Amino acid sequence: MTQTSISQASQAQARFAVPAKHPMVTVLGSGDRLLRVIEEAFPATDIHVRGNEISATGDEAEVALVQRLFDEMMLVLRTGQPMTEDAVERSIAMLREERDGALSETPAQVLTQNILSNRGRTIRPKTLNQKRYVDAIDQHTVVFGIGPAGTGKTYLAMAKAVQALQSKQVNRIILTRPAVEAGERLGFLPGTLYEKIDPYLRPLYDALHDMLDPDSIPRLMAAGTIEVAPLAYMRGRTLNDAFIILDEAQNTNPEQMKMFLTRLGFDSKVVITGDVTQVDLPGGTKSGLRQVREILQGVDDVHFAELTSTDVVRHKLVGRIVDAYERYDVRNNGGGPAGGGAR
């Protein structure tokens, strides 16, 4: 598919012949949107398209990256998965990391790893750190997914839980989170207990509806196959043969974190997710998620997966907002978090 020739000391030219079975629109994007993303990422490289052939001329190292990019894009397209502008941008970032020796997986390996398919939609990791997080869930009994809002911590953990249930690796899914925002006001809210706590568990229900037939969820919950409950309901239990997710773990205190971790039973898997920069606990209360790394770092079969602003899969602006807050924290708080708030 590719051919490279050196025109002078630091200049090179590469040509890519796209197989006839792949329409050029799948490679270049509708209205050449994907091509424009590539051209913006390699401004000093001349990229031209003629028929089914693409050529790139410029700095040798950059041309080599363009060559790798098109090779990786073709590997993804051969799986039947379309390329998007976001996927191209992330592939370029991964290839630059690979050139700097910081990457062990290729973009195609990251972008084609299917976790779960439902109603024509497939859930996959979109970044290298997300793939490593998903792989860690397969390889360890207890995994902490720590990172800012929008990095897929909870969503990917939920997808792995549903996958484990469907493949009969576990018999039930247990989803929990602290209802810390309600505090002692819970008793004054109208309705039954479940109506009171529903707003704090709603994000977990929303993710479930993306991954399962909505009509099956009430049946699965009535049978106890899926349980969604506040963290306080975990006390005194031993959870066997289950996939257990603790969400918003930064809002646990150290005693709650210890209580939760010691619920682990036989043939179970635990994923704890949270953002240590978004703690909503009352002033002076230490976050169990911040403390637990000091306690469990290095313990066998426990893994800490780090996600960063580069793993944000919401609007691009979210990643820039996260970075701006981190810079503010460094300037004004000596690196400590600015405080709680948005998810």
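Trainee: How many residues does helix H4 have, and how far does helix H4 reach from its first C-alpha to its last?

Mentor: A helix or strand here is a DSSP run, numbered from the N terminus: H or I of at least four residues for helices, E of at least two for strands. The expected span of a helix is 1.5 Å times one less than its number of residues. Helix H4 covers residues 85-99, has 15 residues and reaches 21 Å, close to the 21 Å expected at 1.5 Å a residue. This is a predicted model: local features need pLDDT of at least 70, side-chain atom pairs count only at pLDDT 80 or more, and totals for chains, interfaces and linings use all residues. Residues are numbered from 1 along each chain as its sequence is written, and side-chain values use heavy atoms, with hydrogens and water left out.

Trainee: What is the overall make-up of the protein in helices and strands, and what share of its residues is buried?

Mentor: Buried means under 20% relative accessible area, exposed means over 50%, and partly exposed lies in between (1.4 Å probe, protein chains only). The protein has 12 helices and 12 strands. Of its 343 residues, 47% are buried. Contact means heavy atoms within 4.5 Å. Among contacts between residues at least 6 apart in sequence, 70% join residues at least 24 apart.

Trainee: Which residues of H4 are buried, and what covers them?

Mentor: The buried residues of H4 are Ala87, Val88, Arg90, Ser91, Ile92, Met94 and Leu95. Their cover includes helix H2 (33-41), helix H3 (60-78), helix H5 (107-111) and helix H6 (128-139).

Trainee: How should I read the salt bridges, and how many are there?

Mentor: Side chains of opposite charge can pair when their charged atoms come close. The rule applied asks for a side-chain nitrogen of Lys or Arg within 4 Å of a carboxyl oxygen of Asp or Glu. By this rule the count comes to 13 salt bridges.

Trainee: Where in the chain do Glu105 and Arg132 lie?

Mentor: Glu105 is in the loop between H4 and H5 and Arg132 is in helix H6, 27 residues apart. Their side chains meet in a salt bridge of 3.6 Å, N to O. Glu105 is buried at 14% relative accessible area, and Arg132 is partly exposed at 33%.

Trainee: Which residues of the largest nonpolar core touch the most other members?

Mentor: In soluble globular proteins, nonpolar side chains tend to be buried together. A nonpolar core is a set of buried Ala, Val, Leu, Ile, Met, Phe, Trp, Tyr and Cys residues joined through side-chain atoms within 4.5 Å. In the largest one, of 35 residues, Tyr133 and Leu208 touch the most other members. Elements that give two or more residues to this core include H6, helix H7 (153-166) and helix H8 (193-211). H7 gives the most, with eight residues. Apart from this core lies another, of 31 residues, among them Leu35, Val63, Val66 and Leu111.

Trainee: Which residues have a positive phi without being glycine?

Mentor: Among them are Lys168, with a phi of about 65°, and Asp301, with a phi of about 70°. Lys168 lies in the loop between H7 and S8 and counts as exposed at 70% relative accessibility. Asp301 lies in the loop between helix H11 (288-296) and strand S12 (302-306), and counts as partly exposed at 30%.
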